[in-house]
Each structure stands twice: as C-alpha cells, then as structure tokens.
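This report concerns a single protein chain. Please examine the sequence and the coordinates shown below before reading on.

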Amino acid sequence: MIAVLTGDLVDSTAMSLEDYQLAVDIMEKYLAKCQARFNTQGEIYRGDSLQLIFKHPQHAMRAAIELRSLLFSAENTQQPLGITLSIGLGEQLIDGDKPSVSQGSAFTLSGRGLDNTPRGHISLHHESTAFYDALVLATKFLDSVLYSHTQKQAQVLYHYLSMDFPTHTQLAKAISTSQQNVTKHLARIGADLIKAYVVFFEEKLTKEGE
C-alpha cells in the first residue's frame with residue numbers, strides 16, 4: 001500500500017500575484033523537504049496543484065497537516081493561504097518517475113476525494129477494511145480542529161509536528177516566544193490530541209507495511 005496526497009490551492013485565481021508566488025514557493029520548498037525527509041516523489045501541476053507519492057504511507061497525514069499549517073500561517077499576505085488536501089490509501093499499478101505518469105487505486109482515491117473535499121479541508125480515502133472507516137471518521141474530527149486554528153496557532157502546530165513533538169522550551173526557542181506562550185497555544189490547539197492521532201496513524205500504517 002502507498003499513499004497519494006493531492007492538493008489544490010484555495011481561490012488561487014483571486015490571489016494577488018505576490019500571494020500566488022509565495023504559495024507556489026512554499027509548496028516547492030515543502031516538496032523538496034518531503035523528498036529528503038520521507039523519500040517521496042512529488043510535483044506541482046497546473047500551476048496551483050500538487051501531488052505527492054508516499055511509498056511509506058504512514059508519513060502522509062503528518063505532511064498534510066504540516067503543509068496546510070505552513071501555508072495558512074504565512075505572514076504578510078492579503079488573505080490567509082488555504083489549500084484543499086486529499087489522501088488516498090491504495091495500490092500503485094504503474095510506477096512512473098513522477099505522479100502524473102503513475103496510476104493505481106491510491107491515485108484515483110486521492111483525486112476523486114479532492115473533488116468531494118470542502119475547500120481548505122483535509123480528507124482521507126481508502127479501499128481497505130472497516131478499521132479504515134474509523135480512521136476516516138477520526139480524520140474528520142481532526143480536520144474540524146485544524147480548521148478552527150488561527151494563523152499563529154497554525155504556525156505553532158507546524159513547528160510542533162516538523163520538530164517531532166519538541167519540549168515547550170525547544171519550541172519556544174524555535175518560534176522566538178516565551179515558554180508560557182507555547183504552553184498556552186498548545187493547549188488551545190488541542191496539541192495532545194493531534195499528537196495522539198498522528199502517532200496512532202503512523203503506527204497503524206507502519207504495521208500494515210510490515
């Protein structure tokens with residue numbers, strides 16, 4: 001099983017040129033970071049969309065949350081940058097050198113899932129057992145929590161995940177604020193529950209791949 005993450009910028013045609021270029025720059029840098037960190041294949045297509053292949057599917061949800069938080073927390077934009085994201089868990093029948101020339105159920109599930117995902121939200125799709133139905137439901141709860149975050153809270157969450165759940169002191173140093181502020185933000189964004197969800201997702205899919 002692999003995971004395919006498909007994303008589409010929200011209202012890209014209505015963005016200022018500066019905001020659009022910033023969003024594309026953020027996506028390009030995040031794709032490169034994912035390749036080094038998770039050994040993914042990815043590309044930006046149609047100018048405002050992206051697709052990532054995860055041979056190790058357990059990393060896909062962390063990447064989706066990080067990318068959404070990273071874009072949404074971008075500073076000095078006319079409007080917060082939004083992205084709609086869909087993860088498909090399935091098979092890869094044709095292994096191309098990039099997502100656009102690859103095929104399989106994971107690509108179909110991710111692409112069709114994106115069409116049915118509300119703008120700015122994250123969804124999960126699968127073709128497997130009833131257990132994954134429960135994981136899809138848990139993902140809907142997670143998405144509801146993420147959608148309520150402010151830009152500052154999204155910034156805190158991005159660093160919390162990308163630094164792999166650091167101490168409050170480490171996180172405070174990374175985002176140049178006080179430990180008290182970090183503690184307050186983590187409590188308000190439901191960091192403990194988000195961490196529990198991400199760890200559970202990664203452990204479950206790691207076992208599936210063994």
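Predicted model: local features only at pLDDT ≥ 70, side-chain atom pairs only at ≥ 80, totals over all residues.

The model contains an open sheet of 5 strands, arranged in the order β2-β3-β1-β4-β5 with mixed pairing. The edge positions are taken by β2 (41–45) and β5 (122–126). Each of these has a single partner strand, so one side of β2 and one side of β5 are left without a neighbour in the sheet. On average, and with direction ignored, neighbouring strands are turned by 15° against each other.

At one end of this order, β2 pairs with β3 (residues 49–54) in the antiparallel sense, over 5 bridges. Within this pairing, I44 has L50 of β3 as its bridge partner.

## Helices on the sheet

Helix α1 (residues 17–38) packs on the sheet and touches β1 (2–9), β2, β3 and β4 (83–90). The direction of α1 makes about 170° with that of β2.

Helix α2 (residues 60–72) also packs on the sheet, where its contacts are with β1, β3, β4 and β5. Here the angle is taken against β4, and the direction of α2 makes about 175° with the direction of that strand.

## Aromatic pairs and a charge over a ring

How many aromatic pairs does a search of the whole structure find? The search finds 3. A pair of this kind is described by the distance of the ring centres and the angle of the planes.

One of the pairs is formed by F38 and F54, with 6.3 Å from centre to centre and 50° between the planes, and is tilted. The pair links distant parts of the chain, since F38 belongs to helix α1 and F54 to strand β3, 16 residues apart. Both F38 and F54 are buried. In another pair, the ring centres of Y160 and F165 are 5.2 Å apart and the planes stand at 65°; the pair is edge-to-face because that angle is over 60 degrees. Y160 has 6% relative accessibility and therefore counts as buried, and F165, at 16%, counts as buried as well.

A further ring, that of F72, has R68 over its face, at 5.2 Å from the ring centre.

## Nonpolar cores

The largest nonpolar core has 52 residues, and the members that touch the most others are M61, I65, L71 and I87. For L71, when neighbours within four places in sequence are left aside, the contacts are L9, A23, I26, M27, L81 and I83.

## Positive phi angles

R46 counts as exposed because its relative accessibility is 62%, and exposed means over 50%.

F165, described above as one ring of an edge-to-face pair, is also a residue other than glycine with a positive phi, near 60°. F165 lies in the loop between α5 (151–162) and α6 (168–174). In contrast to the exposed R46, F165 counts as buried.

Conventions
Residues numbered from 1 in each chain as written. Heavy atoms only, no water. Pairing = 2+ DSSP bridges. Helix = DSSP H or I, 4+ residues; strand = E, 2+ residues; numbered from the N terminus. Axes fitted to C-alpha atoms, helices over the stretch in contact; angles between N-to-C directions. Contact = heavy atoms within 4.5 Å. Phe/Tyr/Trp six-rings, centres within 6.5 Å; stacked < 30°, edge-to-face > 60°. Buried < 20%, exposed > 50% of the residue type's maximum accessible area, 1.4 Å probe, protein only. Lys NZ or Arg CZ within 6 Å of the ring centre and 35° of its normal. Core = buried A, V, L, I, M, F, W, Y, C linked by side-chain atoms within 4.5 Å.
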